[in-house]
Amino acid sequence: MAPSTSSVITLNINGEKRTLPVDHRTTLLDALREQLDLTGTKKGCDHGQCGACTVLLDGRRAVSCLQLAVAAEGCEITTIEGVADGARLHPVQQAFLDLDGYQCGYCTPGQICSAIAVIEEHAAGWPSAATADLRPEAGPPALTAEEIRERMSGNLCRCGAYVSIVQAVAQAAETAAGRTTGSAEGEMAV
């Protein structure tokens, strides 16, 4: 007898447990969109290169087109549909609206999910490839435009809204840090 190629799995998505049958080859992206009708997560390249399908797995960003649905069982999955607090937008969503961090909007859900993780990674002191001083005594790097661009580099925007995206991430990071949000243009030369 051949081994089964499908399973019934339970995914914890946006705080809700969802049980569904999946073929073992089904990506998390396809399960979200095709089986669970969570179409905010977009299918861009389907090769993990554009970031349009970015979701949060246990708070870390992941391209859902490369993640098998069966491997996501037991993880806390957050899609764009789950980042707002009811009718109150997440600070990253609000910053994207305030600063026009989108044009056509197709990549925006992935950009927002990635930005949420970027801000948390930075706040935790994680360095990036753009971080100049990696010594522990140097402390966390400043979240400059260069840092934001490097940290967000896995998310492509075909419309070219990068300047506004960088400003939106900077504003949301200031909000998360409890600072007053103002113009990001002074420190954030984009």
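## Cysteines, sheet and cores

Searching the whole structure turns up zero disulfides, a disulfide being a pair of cysteine sulfur atoms within 2.5 Å. This is a predicted model, in which local features need pLDDT of at least 70 and side-chain atom pairs count only at pLDDT 80 or more, while totals for chains, interfaces and linings use all residues. Residues are numbered from 1 along each chain as its sequence is written, and side-chain values use heavy atoms, with hydrogens and water left out.

C157 is in no disulfide either, and the nearest sulfur to it belongs to C107.

Helices (H or I, at least four residues) and strands (E, at least two) are DSSP runs, numbered from the N terminus, and two strands pair if DSSP finds at least two bridges between them. Five strands make up an open sheet in the order 2-1-5-3-4, with mixed pairing. Strand 2 (16-23) and strand 4 (60-63) are its edges, each pairing on one side only. Strand 3 (residues 54-57) and strand 5 (residues 76-78) run antiparallel and are joined by two bridges; within strand 5, T78 is the bridge partner of L56.

Helix 1 (residues 28-35) lies across strand 1 (6-13), strand 2, strand 3 and strand 5. Helix 3 (residues 108-123) packs on the sheet and touches strand 3, strand 4 and strand 5.

Last come the cores. A nonpolar core is a set of buried Ala, Val, Leu, Ile, Met, Phe, Trp, Tyr and Cys residues joined through side-chain atoms within 4.5 Å. The largest has 27 residues, of which V92, I148, M152, I165 and V169 touch the most other members. Helix 2 (91-98), helix 3, helix 4 (145-151) and helix 5 (162-176) each give two or more residues to this core. Leaving aside neighbours within four places in sequence, M152 is in contact with Q111, S114, A115, V118, I165 and V169. Another core lies apart from this one; its 17 residues include I13, V55, L57 and A69.

Key. Contact means heavy atoms within 4.5 Å. Axes are lines fitted to C-alpha atoms, for helices over the stretch in contact, and angles run from 0 to 180 degrees between N-to-C directions. Buried means under 20% relative accessible area, exposed over 50%, partly exposed in between (1.4 Å probe, protein chains only).
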